[in-house]
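Student: Hi! Could you walk me through the charged pairs in this one?

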Amino acid sequence: MSALAWSEELVLQHPQMDATHEEFVELLNVAQVALARSEAEGLAAWDALVEHTIGHFGQEDRWMLATGFAKDNCHSRQHDQVLAIMQEVARLARDHQDFGPLQRIIPELAAWFSMHAQSMDSSLAVHLQVAGFDPATGLCQKPQAVDAAPISGCGSDHCAPDHASA
């Protein structure tokens, strides 16, 4: 059974983000299958997922900064926290041969990712669309749509505080 299946619920109508998310789901499932075969294969697959996630989160963080988010917004902080946990799980497996955390994190990461994609990333995709952000050039076609006050929340109407005071 897959840790997480790619589904229409995860599609955000942002082609680059959707492709990156689909790859994340695929790599998470590969890690789960590899870990069932052997600890060494599982760790190697996990390392590939961590490398992907560094680029994945970095890409979204750059998009947020380019479109009016504060450097220390809650979406980016969540990325930092999750990545730190993923890296610590790899360190425990590699340095201490403790594979328990790696075995336990895969279903937890699947649940987190599904919620994160459907909330924070969905809000980001809408924000990027409103701003007319072009991921290829890094330019906003509608800069007036980006608030003057940096966004400290996730960009959602449900996240507080939505804007930091400058």
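**Salt bridges and a loop residue**

Tutor: Asp-47 has a relative accessibility of 26%, so Asp-47 counts as partly exposed. Keep in mind that this is a predicted model.

Student: Which residue forms a salt bridge with Asp-47?
Tutor: That's Arg-94, and the closest N and O atoms of the two are 2.4 Å apart. Asp-47 sits in helix 2 and Arg-94 in helix 3, so the pair ties together parts that are 47 residues apart in sequence.

Student: And Arg-94, how accessible is that?
Tutor: Arg-94 is partly exposed, at 40% relative accessibility.

Student: How many salt bridges does a search of the whole structure find?
Tutor: Five. One of them joins Arg-91 to Glu-88, with 2.7 Å between the closest N and O atoms. Those two are three residues apart in helix 3, so about one helical turn separates them.

Student: What network of salt bridges is Arg-91 linked in?
Tutor: One that links Glu-88, Arg-91 and Asp-95. Arg-91 is partly exposed, with a relative accessible area of 33%, and Glu-88 is partly exposed too, at 32%.

Student: Switching topic: where is Asn-73?
Tutor: Asn-73 is in the loop between helix 2 (39-66) and helix 3 (74-96).

Student: Buried or exposed?
Tutor: Buried, because its relative accessibility is 0%. A polar atom of the Asn-73 side chain lies 2.9 Å from the backbone oxygen of Ala-70.

Student: What does Asp-72 form a salt bridge with?
Tutor: Arg-77, where the closest N and O atoms are 3.6 Å apart. Arg-77 is partly exposed, at 35% relative accessibility.

Terms used. Residues are numbered from 1 along each chain as its sequence is written. This is a predicted model: local features need pLDDT of at least 70, side-chain atom pairs count only at pLDDT 80 or more; totals for chains, interfaces and linings use all residues. Side-chain values use heavy atoms; hydrogens and water are left out. Helices (H or I, at least four residues) and strands (E, at least two) are DSSP runs, numbered from the N terminus. Buried means under 20% relative accessible area, exposed over 50%, partly exposed in between (1.4 Å probe, protein chains only). A polar contact is a pair of N or O atoms within 3.5 Å; within protein, one must be able to donate a hydrogen and the other to accept it, and residues adjacent in sequence count only if both atoms are side-chain atoms. A salt bridge is a side-chain nitrogen of Lys or Arg within 4 Å of a carboxyl oxygen of Asp or Glu.
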